[in-house]
Amino acid sequence: MWVICADLEGVFVPEIWINVAKRTGIEKLKLTTRDIRDYDELMKYRLQTLDDYNLKLEDIQKVIASLEPLDGALDFVRWLRKVSRFAIVSDTFIEFAQPLMNQLENPLLLCHSLVVDESGRIAGYRLRQPDPKRKTVEAFQSLNYKVLAFGDSYNDISMLKAADAGILYCPPDNVVADYPEFPVAKNVAELKALIRQHTCCD
């Protein structure tokens, strides 16, 4: 029996930080895990930038409220739930993701949480656990499931390596070049074909 573990941003929904950058004009917030491998380094950079520009949680949530899932994402989620057990494993935060998850009919989401002070400033963040994507895969494997995982960024690689089958989905060229061992799907049709190939889903 298989479990499918998937990344969230860039796969089912737009990149939240990139959209915040576009809406606010703050170019520094365009950097994502496609650019910086170390998640803690990236988040410290983001939080410092928010402080520098006096942006609060409410400001980011206003941007998120205007976003919608990527084209075809809801149908893809429905297909995944039909053919297998399915979980979204993300380095986002529940305070960001919930409105978008509502639009995706609330599949299981495993992610982090924010530390917010009384003024609404994002003071820090709490990881669900260290290296959570890899450990999620290993947890399912400990229950005697096989795991297929897919994602697009550096922070997905430990998950893909731990999985019984790992797939890069619409990744940037630098990630493909660094990890040529993973098959690449450039659209949902190709991804479905690879999922069927590995798990015999129909």
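Predicted model: local features only at pLDDT ≥ 70, side-chain atom pairs only at ≥ 80, totals over all residues.

Trainee: Okay, core first. How many residues does the largest nonpolar core have?

Mentor: It has 51 residues. Those with the most contacts inside it are Leu 8, Phe 12, Ile 60, Leu 80, Phe 96, Phe 150 and Ile 195. Helix α4, residues 73–83, gives the largest share of this core, with 6 residues.

Trainee: Let's look at α4 then. Which residues of α4 are buried?

Mentor: Ala 73, Phe 76, Val 77, Trp 79, Leu 80 and Val 83 are the buried ones in α4. Looking down the axis of α4, those buried residues fall within an arc of 160°, so they line one face of the helix.

Trainee: What's exposed on the other side of α4?

Mentor: Asp 75 and Lys 82 are exposed there.

Trainee: And what do the buried residues of α4 pack against?

Mentor: They pack against β1 (2–6), β2, β5 and α9.

Trainee: Tell me about α9. At what angle do the axes of α4 and α9 cross?

Mentor: Roughly 5°, and the axes come within 12 Å. Helix α9 covers residues 188–199. The two helices, α4 and α9, are therefore roughly parallel to each other.

Trainee: Which residues meet there?

Mentor: From α4 you have Phe 76, Trp 79 and Leu 80, and from α9 Val 188, Leu 191, Lys 192, Ile 195 and Arg 196. Sorted by class, the contact of α4 with α9 has 6 nonpolar, no polar and 2 charged residues.

Trainee: Now a new pair. How do α1 and α3 cross?

Mentor: The axes of α1 (residues 16–24) and α3 (residues 57–65) cross at roughly 100° and come within 10 Å. That makes α1 and α3 roughly perpendicular to each other. In α1 the contact is made by Ile 16, Trp 17, Asn 19, Val 20 and Arg 23, and in α3 by Ile 60, Val 63 and Ile 64. By class, the contact of α1 with α3 has 6 nonpolar, 1 polar and 1 charged residues.

Trainee: Which residues are buried in α3?

Mentor: Leu 57, Ile 60, Val 63 and Ile 64 are buried in α3. Seen down the axis of α3, the buried residues fall within an arc of 125°, so they line one face of the helix. Turned away from that buried side, α3 carries the exposed residues Glu 58, Lys 62 and Ala 65.

Trainee: What do the buried residues of α3 pack against?

Mentor: They pack against α1, α2 (39–52), α5 (94–103), β3 (108–116) and β4 (122–126).

Trainee: Switching topic: where does Ser 90 lie?

Mentor: Ser 90 lies in strand β2, residues 85–93. Ser 90 is buried, with a relative accessible area of 3%. Setting aside neighbours within four places in sequence, the contacts of Ser 90 are Asp 7, Leu 8, Leu 109, Leu 110, Cys 111, His 112 and Lys 133.

Trainee: How many Å apart are Ser 90 and Leu 57 in space?

Mentor: They are 19 Å apart, C-alpha to C-alpha, and 33 residues apart in sequence.

Trainee: Last topic, phi angles. What is phi of Asn 144?

Mentor: Phi of Asn 144 is near 70°, a positive value in a residue other than glycine. Asn 144 lies in the loop between α6 (132–142) and β5 (146–151).

Trainee: Is Asn 144 buried or exposed?

Mentor: Asn 144 is exposed, at a relative accessible area of 70%. Cys 170 also has a positive phi, near 50°. Cys 170 lies in the loop between β6 (165–169) and α8 (173–178), and at 27% relative accessibility Cys 170 counts as partly exposed.

Key:
Residues numbered from 1 in each chain as written. Heavy atoms only, no water. Core = buried A, V, L, I, M, F, W, Y, C linked by side-chain atoms within 4.5 Å. Buried < 20%, exposed > 50% of the residue type's maximum accessible area, 1.4 Å probe, protein only. Helix = DSSP H or I, 4+ residues; strand = E, 2+ residues; numbered from the N terminus. Axes fitted to C-alpha atoms, helices over the stretch in contact; angles between N-to-C directions. Parallel < 35°, antiparallel > 145°, perpendicular 65-115°, else oblique. Contact = heavy atoms within 4.5 Å. Nonpolar A, V, L, I, M, F, W, Y, C, P; charged D, E, K, R; others polar. Arc of directions from axis to C-beta.
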